[in-house]
Amino acid sequence: MKVRVSAPGKLMIFGEHAVVYQRPCIVTAVSSRIHVTVEVKKEGFTINAPQVKDIRFVEETIRTFKQNYPFNLGLSIKTESEFSSLFGFGSSSAVTVALLYGLSKINKIHLTQEEIFRLGYEINLRVQGVGSGFDIAAATFGKTLYFFTGGKIIRPLKIKKLPLVVGYSGIKADTPKIVRLLKEKIDENKEEYEKIFDQIKKIVEEGKDALEKQDWEKTGFLMNKNHQLLQKLGVSIDKLDQMCQAALNAGAYGAKLSGAGGGDCMIALVNESNQEKVEQAIKLVGGEIIKVEVNALGVSEDKSL
Ligand code: MEV
C-alpha cells in the first residue's frame, strides 16, 4: 500500500514575532507544496528526504504518531519539495504535517485538521523549542488564516485574491536563533517590546478587515507600518529594507519582510499594472522573485497515484 500526500508552504502577511507573545497574526498558505510518499514495506524504516534540512522533524513525527497510534508496519518515506528550504516557506512544518497525514492514511486512522495541528505543533515545539505554530496551521488548514499563538484561534479569512510579489533576499534566516535573540532583548526591556507588540496586534486586526474588503491601499499602508515595527524590533536587515523600498518606489501599495527577518523573503502588494515593474525593481537590488499563488489548499492526498 502506498499514499502520496502534500502540504503547502506559507507566507506571513502580518504579525510575525508578536504572535510568539500572545498576539494574533495573518498567514497565507502558498501554492508550492511538499509531497510525502509513504509506502508499506516488510520491515524497518527507510527515509529518503534530501530536501528536509533537519531530519529530526521526520523522526520525531514518526515517533509521536506511533506513540499516539501504535503500529507495526515497515515503512518507506520519501519527500519531494516544490520549493527550496532556503526561502523560509516553512518546509519543516509542511513535512511534519504531510507526514502525519500520510501516516494516518496508511494506518486508516481518521485525524481531524485540529488533531493534525495539535500533533504537529507538539512535534514542532519538541524539535525546535520555540514558535507560535502558525506555520503548522498554514500547512494543515491552508487558505489565509487569522491565527492566535498556539492555535487558540484559527479562523480562515474570506479572501478572494491577494496580489503579492514575493522576493527572496538570498540570505537564509535562522528562525529559532532570531526568536531566541529577540527574547533576550525583551527580557531586558519588557515594557518597550510589549508596546510594539500591541501596535502590531492593532495592525493585524485592521489588516484582517482590509484584506477581506480587498482594500489594497489600506492593506499596503498597514504592511509598511508593520515593516517599520519589525525594524524597531531589530529583525530586519539592509537587504530586506532595500527590497521593500525598491518595491514601494516602483508603485507597490506596501511591502514588508515576511517571517523571522534576518533574511528569507519579503512581500509586496501590487496590482496588475505595476506587478512587473515591482518585480524588476526588486531584482535590480539583488532579490530573486519567487512565483507563488497564495490562499492555497491545506494538507491533502495527491490523487495522481
Ligand atoms: C517566523 O516565520 C515567524 C515568527 O513569528 C516565529 C513564529 O511565529 O513561530 C518569528
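Me: Which residues of α1 are buried?

Reply: This is a predicted model, where local features need pLDDT of at least 70, side-chain atom pairs count only at pLDDT 80 or more, and totals for chains, interfaces and linings use all residues. Residues are numbered from 1 along each chain as its sequence is written, and side-chain values use heavy atoms, with hydrogens and water left out. Buried means under 20% relative accessible area, exposed over 50%, partly exposed in between (1.4 Å probe, protein chains only). In α1 the buried ones are F57, V58, E60, T61, I62, T64 and F65.

Me: And what covers the buried residues of α1?

Reply: Look at the helices and strands, which are DSSP runs numbered from the N terminus (helices H or I, at least four residues; strands E, at least two). The cover includes β3 (45-48), β4 (74-81), α2 (91-106) and α3 (113-128).

Me: How far from an oxygen atom of the ligand is a polar side-chain atom of S132?

Reply: S132 is one of the residues around the ligand, meaning that one of its heavy atoms lies within 4 Å. For the side chain of S132, the distance is 2.6 Å.

Me: What is the relative accessible area of T149?

Reply: T149 sits in the loop between β5 (144-148) and β6 (153-156). T149 touches V19, V20, Y21, Q22, R23 and S132, not counting residues up to four places away in sequence; contact here is heavy atoms within 4.5 Å. T149 is buried, and its relative accessible area is 6%.

Terms used. Polar contact = N/O pair within 3.5 Å; in protein donor to acceptor, adjacent residues only side chain to side chain.
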